[in-house]
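Welcome! Let's get to know this structure together through a few questions and answers.

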Amino acid sequence: PELAGAIPLIDRFQVEGFLKAMQKQIQSSGKRGFFIKKSVGPQVREKFTLEDMLCFQKDPIPTSLLKVPNDLVSRSIKLFHVILKYMGVDSPAIISLEERIELVAKLYKHTLKRSELRDELFAQISKQTRNNPDRSWLIRAWELMYLCASSMPPSKDIGAYLSEYVHYIAHGATTDSDVRVLALNTLNALKRSVKAGPRVAIPAREEIEALLTSRKLTTIVFFLDETFEEITYDMATTVADAVEELAGIIKLSVYSSFSLFECRKIVNGSKSSEVGNEEYIGLDDNKYIGDLLSEFKSAKDRNKGEILHCKLVFKKRLFRESDEAVTDPMFVQLSYVQLQHDYILGNYPVGRDDAAQLTALQILVEIGFIDNPESCVEWISLLERFLPRQVAITRAKRDWELDIISRYQLMEHLSKDDARNQFLRILRTLPYGNSVFFSVRKIDDPIGLLPGRIILGINKRGVRYFFL
């Protein structure tokens, strides 16, 4: 019954060619009884079937199980050698963790980029889980299935058969308890990898070891105010998984409009001090965290001597009209942090009156209300921090100080939450309010026609370019 899903795929398997090659290999080696032979009657000649071909065997295979291009047949045979070695079938000694990691990495290297070989690999591993006479070999075969399913999917048709087969084993009444756990893990891994596709980079050694030892890896995700949280991941964790975990950690109940972004910042002499020289790249929900971290490492090496800082940042990918009705404190705080971040960078062009009012509100959010603000040791630094540089240079520093103090002193009745909500309300009412901003990357500009910075702002009202 567990092979029922393979019947529609009979044309993908080279049953006759495989079994003929197998018989030839048996005869040349003088061995017998590779498969359980089926006989339908005393006078009927013994005949091998697909069911026989998809049973465990401890000897090498002479050709591929599936019909693959001729140039991949020898590589298919080598895959089976690796599987046998991983299972410990062709080695009397117990295989070490280090050796298992190396063998898995070898399988990834040969199959990650070739869908035909991925299908062949899954067919071979599933073969080794059927009628396997040794429990330790069986456990290793299922372990390998789980490792492969966690980093790459089979094709659609092989995937349908494999999912049905794994489901049958995972929910079988007589299934070994350890096998059941691995089969259930494999089933979940298949669902994720079929949706997300294969890993771009070969999973790192620590990722393989973590999955083998049931351990989670950790990485840091930053917020726009430079605070951060630590999240866990394994080789199958996607951006969507990470967003869900992070939302749980920070108790953010409404997180569908948030996502992870890749933040790149070049630090090279004077560039390091430029305002807004970070580049934020929106990440697809199905992108693997392991691939991102691998890309961060390789990007630094490729960057022509400049120091490239890459990090994961959690922020809103869009603002919605319905946001104003959300009262979740963390949602409001993160929205405030994002609008504040964009405002300070100068992405929200405002007049002097609005700039002074917004600065006073931010100071109130930061330190609350105090009777004599100028006596506060942080006062000057807060003014400089919360007033965009492009706006600050439009009038004398002392004029700004007096204007902002007078506005601040009128806010005695406001709480920090009130000030935060007023700040959000002012920016929302602007024509370009509640935008998500992107720095436009420059192309060559040999005669200097382009402005210093171009910012792209996108909100519900449209798309705007800001030339700064």
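Q: How many helices and strands does the protein have?
A: This is a predicted model, where local features need pLDDT of at least 70, side-chain atom pairs count only at pLDDT 80 or more, and totals for chains, interfaces and linings use all residues. Residues are numbered from 1 along each chain as its sequence is written, and side-chain values use heavy atoms, with hydrogens and water left out. Helices (H or I, at least four residues) and strands (E, at least two) are DSSP runs, numbered from the N terminus. On that basis the protein has 17 helices and 8 strands.

Q: How do helix 3 and helix 4 run relative to each other?
A: Axes are lines fitted to C-alpha atoms, for helices over the stretch in contact, and angles run from 0 to 180 degrees between N-to-C directions. The axes of helix 3 (residues 70-87) and helix 4 (residues 97-111) come within 10 Å and cross at roughly 160 degrees. Angles under 35 degrees count as roughly parallel, over 145 as roughly antiparallel, 65 to 115 as roughly perpendicular and the rest as oblique. The two helices are therefore roughly antiparallel.

Q: What is the handedness of the crossing where helix 3 passes helix 6?
A: Helix 3 packs against helix 6 (residues 135-149) at an angle of about 125 degrees, with the axes 8 Å apart, and that makes helix 3 oblique to helix 6. A crossing is left-handed if the near helix is turned anticlockwise from the far one by less than a right angle, and right-handed if clockwise. Here, helix 3 passes helix 6 in a crossing that is right-handed.

Q: Which residues of helix 3 make the contact with helix 6?
A: Contact means heavy atoms within 4.5 Å. On the helix 6 side, the contact is made by Trp137, Arg140, Ala141, Glu143, Leu144 and Leu147. From helix 3 come Ile83, Tyr86 and Met87.

Q: How many nonpolar residues does the contact of helix 13 with helix 14 have?
A: Helix 13 (residues 352-367) and helix 14 (residues 379-386) have axes that come within 10 Å and cross at roughly 125 degrees. Among the contact residues are Ile363 of helix 13 and Trp379 of helix 14. Ala, Val, Leu, Ile, Met, Phe, Trp, Tyr, Cys and Pro count as nonpolar, Asp, Glu, Lys and Arg as charged, and the others, Gly among them, as polar. By these classes the contact has 2 polar residues, 2 charged ones, and a nonpolar count of 6.

Q: Which residue in the turn between strand 1 and strand 2 has a positive phi?
A: Two strands pair if DSSP finds at least two bridges between them, and 6 bridges join strand 1 (residues 217-222) to strand 2 (residues 228-233), which run antiparallel. Thr218 has Thr232 as its bridge partner in strand 2. The two strands form a hairpin with 5 residues between them, and the turn residue with a positive phi, of about 75 degrees, is Glu226.

Q: Which strands stand at the edges of the open sheet of 3 strands?
A: This sheet has the order 6-7-8 with antiparallel pairing. A single partner strand is all that each edge strand has, so one side of each is left without a neighbour; the edges are strand 6 (436-439) and strand 8 (462-467).

Q: What is the bridge partner of Ile455 in strand 8?
A: Strand 7 (residues 454-459) and strand 8 pair in the antiparallel sense over 6 bridges, and a hairpin joins the two through 2 residues. Leu456 stands opposite Tyr465 in strand 8. For Ile455, the bridge partner is Phe466.
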